[in-house]
Amino acid sequence: MVREAVIGLWHILRAMGLTLRYFFSKPVTVQYPEQPVHIYPRFRGRHELLRYEEGPHKGLERCIGCALCAAYCPTQCIYVQAGENNAPAEVGHPLSLPASTYGAGTGGTGQAPGRPGKEGTAGQQRSPGERYAEVYEINLLRCMFCGYCEEACPTGAIVLRREFALADYSRKSLIYTQDRLLEPAKPHVIVRDDQGDANGPRPPVAYPVAQAQAAYLSVPDTAKKAVLRRHRRGKDGVQGK
Amino acid sequence: MDWVGDFWIPVVKAVLVVLALLIAGAYMTWGERKICARFQVRIGPNRAGPFGILQPLADAVKAIFKEEIIPSHVDKVIYVMAPGIFFAAVLLTFAVIPLGPEVSLFGRVVGLWIGDVNAGLLYLMAIAGLGSYGVVLGGWSSNNKYSLLGALRAAAQMISYELPMGIALLAVVLIVGSLNVRQIVDFQAGWPLIALQPIGFLLFLIAIIAENNRSPFDLAESENELISGFMTEYGGIKFALYFIAEYTAMVVNSAIVATVFLGGWKWPAVLSNLHPLLGVVLFLLKVLVVLFLYVWIRASVPRVRYDKFMKFCWKFMVPLALVNLAVTAVVVAVMAA
């Protein structure tokens, strides 16, 4: 009994010494809203619809309304309704109604595209192709952020950014409409071993999705390619801190 | 009858002490959360005011405005009374603790204590024992199996720790030759009793942690298996009363340890003789050290299993306390001869 007590006391003192060491160490807490959180490069957050930032199509939306993302989506949380670029209103094509018609909220989704009529009037070019996304909605309540939409997209229009603080007060406001998806994401994060750009490219997934990788490579971004090459050489595993 | 000296001064002192204890208990919750957080490499509360110092106020406001729920199956009178009994016992305990020497205030000589009781140590033990009634009655009146188990544990725990606690104090009484707390403090002008009674100090510390239902002896309210034990059915301000009483009890028990074993306000006499206020500061510092020890132990040691605790109390602490008492008695007798 005495031996037990001495050993027990010794262990308790050792435990207390250990905790005391931690007492004097720096807290690891991240004061989140004030300080950015550290995330891994492959983190997938909120979607963003991109525009062309340079070249002949500068300023146009990348999305051509093909709805491949909606077709590929496992949870079917994407809704795309295509509109026709440059469709002359007088031809009487079913999709050539002035966009202001949709803008007034008469669309079948119950959710107005939220785009004022003047921007989307017939005859104006919104995307480089024949068609553009008249309505583009993602139900973030159903979305599981798998990133398949990104893989499916032939023009690299939709990407998953690293913005993750998506809490809101109503279900309806979590159905993201086109205008909100076009807004650049502002992730409040620090990406581990990245180029310092929180919106920078994600390294590709480990499993071979040839199409997705081809699409990935087709994007003229040398940084992306470098990441991919490094990954192929097997030097770019995700590292823990 | 001297109304000022015999009535008003004690009343004012009592009110001041109660207020100070309430604030100390409230801030002990903050202190524990802060210190515990640092032990776990966290920051702890820091949103309400600088360093979160308004956190106890925010918690109090929240608890007060919570809906007052009395479950239909409880024994209402005792259910409502139990937190009060607990809290009252905790507050009463402090009455005989001297904070400092006699000082002259406004032309009167005022002692920095509420009651100068001859059998002060006995009073401490008696009132500290009453605190368990709050726990036991609360658990029993809740009419809930978890609460009842918590109360049963508290009762069994009480009879286990009170014995070594009393015997450890008896050794102190033998050395000092008095039950008066002030005389115990005065005795420690040269050396604190922890130097003469290291084993007694350890036993008393363990017992007092058990009395406080503190980790590693928080068997009565173990969150994991008894979902807070005797407090399961309590909510709102009644829960807050239990909670704050527990933390006030920590402060009071630390004060007892500081007084009986760490020399109270007296030791080291070189410092406390300079100015009476310095003695008070010394006392408060010692209380803070013991309080830190409380949190430190909580952050380091997991909860003891129930039967192991009983075994530890009865088969180790009680015999050790008895041996300690016997050795002390022999030494005191030899020294006196």
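Two residues are in contact if their C-beta atoms, placed from the backbone, lie within 7 Å. By that rule, the contact of the two chains here takes eleven residues from chain B and twelve residues from chain A.

Before I go on, some housekeeping. This is a predicted model, in which local features need pLDDT of at least 70 and side-chain atom pairs count only at pLDDT 80 or more, while totals for chains, interfaces and linings use all residues. Residues are numbered from 1 along each chain as its sequence is written, and chains are lettered from A and ligands numbered from 1 in the order in which they are written.

Back to the contact, on the chain B side. Helix H1 (3-39), helix H12 (276-300) and helix H13 (306-336) of chain B each supply at least two residues to it. Helices are DSSP runs of H or I with at least four residues, strands are runs of E with at least two, and both are numbered from the N terminus. H12(B) gives the most, with three residues. By type, the side of chain B that touches chain A has seven nonpolar residues, one polar and three charged. Here Ala, Val, Leu, Ile, Met, Phe, Trp, Tyr, Cys and Pro count as nonpolar, Asp, Glu, Lys and Arg as charged, and the others, Gly among them, as polar.

Now chain A. Of the 241 residues in chain A, 22% are buried. A residue is buried if 20 or more other C-beta atoms lie within 10 Å of its own, exposed if 12 or fewer, and partly exposed in between. Taking contacts in chain A between residues at least 6 apart in sequence, 70% join residues at least 24 apart.

One residue in chain A deserves a stop. Gln76(A) sits in the loop between helix H2 (68-72) and strand E3 (78-84). Its phi is near 50 degrees, a positive value in a residue other than glycine. Most residues other than glycine have a negative phi. Gln76(A) counts as exposed, because it has 12 C-beta neighbours inside 10 Å.

Chain B has a residue with a positive phi as well: Asn213(B), at about 55 degrees, is not a glycine either. Asn213(B) lies in the loop between helix H8 (198-211) and helix H9 (223-226). Is Asn213(B) buried or exposed? With 26 C-beta neighbours inside 10 Å, Asn213(B) counts as buried.

Next, the cores. A nonpolar core is a set of buried Ala, Val, Leu, Ile, Met, Phe, Trp, Tyr and Cys residues joined through C-beta atoms within 7 Å. The largest one has 93 residues, and the members touching the most others are Phe86(B), Ala168(B), Phe204(B), Ala207(B), Val251(B) and Val257(B). Helix H10 (residues 236-260) of chain B brings the largest share of this core, 14 residues. Apart from it lies another core, of 23 residues, including Leu49(A), Ile64(A), Tyr132(A) and Val159(A).

Now helix packing in chain B. Two packed helices are described by the angle between their axes and the distance between the axes. Axes are lines fitted to C-alpha atoms, for helices over the stretch in contact, and angles run from 0 to 180 degrees between N-to-C directions.

Helix H5 (residues 145-176) and H13(B) pack at about 15 degrees, with axes 9 Å apart. H5(B) and H13(B) are therefore roughly parallel; the bands are under 35 degrees for roughly parallel, over 145 for roughly antiparallel, 65 to 115 for roughly perpendicular, and oblique for the rest. The residues of their contact divide into 21 nonpolar, three polar and one charged.

Helix H3 (residues 76-93) and H4(B) pack at about 160 degrees, with axes 8 Å apart. H3(B) and H4(B) are therefore roughly antiparallel. Their contact has 16 nonpolar residues, five polar and no charged.

Tyr123(B) is in helix H4 (residues 120-141). Tyr123(B) counts as partly exposed, because it has 18 C-beta neighbours inside 10 Å. Leaving aside neighbours within four places in sequence, Tyr123(B) is in contact with Val96(B) and Val117(B).

Last, Arg305(B), in the loop between H12 and H13 of chain B. Arg305(B) is exposed, with 12 other C-beta atoms within 10 Å.
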